[in-house]
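Subject: Predicted model and notes on its pockets

Dear colleague,

Please find the structure below. My notes on what was found in it follow.

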Amino acid sequence: MDILIGLVVSSIMLIYSVVKDVFIGIPLTLCLFIFCTIAHRRDYPFKEIFKIAYKGGEKSFIVGKILLLIGMVTASWMASGTVEGMVFYGIKFMNPSFFIVYTYIICTLVSYIMGTAFGTVGTIGLSLMCIARIGNLNPNIVAGAIVSGAYFGDRCSPMSSSANLIANLTDTDIYTNIKNMIKTTIVPVLLCILIYFLFSLKYPLNLVEKGINEEILKYYKISIIVLLPAILILVLSIFKIDVKKSMLLSIILAFIISCFYQGVGIKDFLYYLVFGYKIPSDTFLSSIIKGGGIVSMLGAMYITFVSCALAGVLEGTNLLSNVHKLLKGVDSRYKLFIYTCICSIITAAFGANQSIAIVLTIQLMSEIYKDMNLDKYQFALNIENSAVVISPLIPWNISGLIPAATLSVSSVKYIPYAFYICLVPIVTIMHLKLVNMKKINAG
């Protein structure tokens with residue numbers, strides 16, 4: 001009974017914090033305190049509970065390093081003109097008659113390079129949305145295409161914090177996971193391209209806005225040189241170089257380009273790495289191209305640590321033992337993935353955060369996967385195909401709420417057009433259903 005009360009109270013606090021725009025780390029910390037108290041009432045000493053919580057929180061440290069590097073990469077790429085170059089060339093070569101499908105493809109490529117949905121939405125996504133509004137396109141459709149593309153990289157980029165978190169929690173190799181994800185993402189991506197192509201034909205861009213590119217050229221030198229930090233990340237990922245080393249080398253290259261090509265001062269560059277980038281001029285670009293930096297990632301790092309600590313307490317004190325019993329009895333991979341999706345929906349709604357959904361779903365489902373003797377890489381893949389993409393489908397989950405707020409659209413109204421994050425679990429369910437039917441017929 002106390003677990004149920006704790007879940008209800010925690011859910012109310014988390015939902016309230018999202019609605020009222022309160023930093024989710026505050027109610028999340030209160031949730032941790034609630035479940036620590038429940039564990040103590042069940043005869044666990046606080047000293048042991050704190051050790052369990054810290055042990056769970058330790059799992060977030062590798063992701064914390066990735067988050068810090070992502071913050072520095074984003075700021076350094078803006079300072080070097082890498083982000084601006086991607087925006088410039090993307091807009092320059094887009095056919096206005098196919099704007100929506102180009103938006104999806106460009107955001108897909110950029111998100112794979114950057115490895116962050118928020119970074120993609122907040123840079124090129126925001127620029128594309130500005131063009132869409134000027135061109136009188138439905139902002140919800142464009143937002144759906146942007147978020148769909150953004151979560152491609154958030155799911156399967158070697159720079160993705162969620163991909164690294166899952167690899168760490170499931171003790172798997174991230175590049176093997178990415179290889180598996182690419183295989184399961186081909187159909188959803190092709191369907192998205194087809195769907196957004198049809199939307200493009202029906203809703204073409206009515207006006208080509210050149211102001212952004214003209215403004216970019218006023219403040220930045222744009223050539224193939226500014227794209228080198230992004231190209232470097234791609235090349236190093238092909239050779240399976242450790243993602244942290246890849247990002248560090250990309251930051252160093254961006255530093256060289258910033259200082260010797262864009263004319264950015266060393267002190268300014270270091271300031272951007274810590275506090276985020278901003279254009280030192282009064283231009284409309286200043287509201288579009290900004291952000292990144294170490295400071296911008298501190299909140300996400302804290303949330304990741306607390307969510308891992310909370311999951312550690314729930315698992316380490318056996319508070320989820322009854323849930324494990326409810327989930328037992330699965331007799332096929334098809335049903336197992338459906339259970340994983342249901343679990344992901346609950347955890348994404350309960351935690352209102354992608355990291356919480358990932359951590360709790362892994363904690364809840366790991367024993368079931370072990371009982372079925374399934375490979376740990378299959379477990380990691382199922383989490384990627386459920387918790388990662390289901391989180392932004394929850395309107396109050398910050399995975400979908402922040403992109404919606406950034407693009408100034410409703411977190412509910414854009415979801416029907418975010419086809420990629422809808423199709424990944426649906427296509428996976430259909431595939432597993434067909435495999436299961438073939439086994440039954442063969443038997």
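N385 is found in the loop between α19 and α20 (387–390); helices (H or I, at least four residues) and strands (E, at least two) are DSSP runs, numbered from the N terminus. N385 counts as buried because its relative accessibility is 1%, where buried means under 20% relative accessible area, exposed over 50% and partly exposed in between (1.4 Å probe, protein chains only). Leaving aside neighbours within four places in sequence, N385 is in contact with R155, T184, F337, V424, P425 and T428. Contact here means heavy atoms within 4.5 Å.

Before the rest, some housekeeping. This is a predicted model, in which local features need pLDDT of at least 70 and side-chain atom pairs count only at pLDDT 80 or more, while totals for chains, interfaces and linings use all residues. Residues are numbered from 1 along each chain as its sequence is written, and side-chain values use heavy atoms, with hydrogens and water left out.

The chain as a whole

The secondary structure of the chain comes to 22 helices and 2 strands. The radius of gyration is 22 Å, close to the 22 Å that the globule rule gives for 443 residues, so the chain is as compact as a globular protein of that length. That radius is taken over C-alpha atoms, and the rule is 2.2 Å times the number of residues to the power 0.38. The C-alpha trace spans about 65 × 55 × 45 Å along its principal axes. Of the 443 residues, 56% count as buried. Among contacts with a separation of 6 or more, 79% come from residues 24 or more positions apart. The chain exposes about 19100 Å², and carbon and sulfur atoms supply 67% of that area (Shrake-Rupley method, 1.4 Å probe).

Pockets

The largest pocket has a volume of about 1200 Å³. On a 1 Å grid over the protein atoms alone, a pocket is an open set of points with protein on both sides within 12 Å along at least five of seven lines, a cavity is a set where a 1.4 Å probe fits but cannot get out, and lining residues have an atom within 4 Å of a point. Grid points are joined across faces, edges and corners, and a volume is the space filled by probe spheres set on the points.

Lining the largest pocket are 47 residues, of which F118, S296, M297, A300 and I402 lie nearest its centre. By class, its lining has 24 nonpolar, 20 polar and 3 charged residues. Ala, Val, Leu, Ile, Met, Phe, Trp, Tyr, Cys and Pro count as nonpolar, Asp, Glu, Lys and Arg as charged, and the others, Gly among them, as polar.

The second largest pocket has a volume of about 470 Å³. Of its 21 lining residues, I105, I106, T108, L109 and V110 are the closest to its centre. Two or more lining residues each come from α5 (82–92), α6 (99–114), α10 (174–202) and α12 (228–238), with the largest share, 9 residues, from α6. This lining has 19 nonpolar, 2 polar and no charged residues.

One of these helices, α5, is mostly covered, with 9 of its 11 residues buried. The cover over its buried residues includes α4 (61–80), α6, α7 (117–134), α11 (211–219), α12 and β1 (277–278).

Cavity

The structure holds 1 cavity of 30 Å³ or more. About 40 Å³ of space lies in the largest cavity, which is lined by R333, L336, L374, Q378, N382 and L432. The elements that give two or more residues to this lining are α17 (333–351) and α19 (376–384).

Regards
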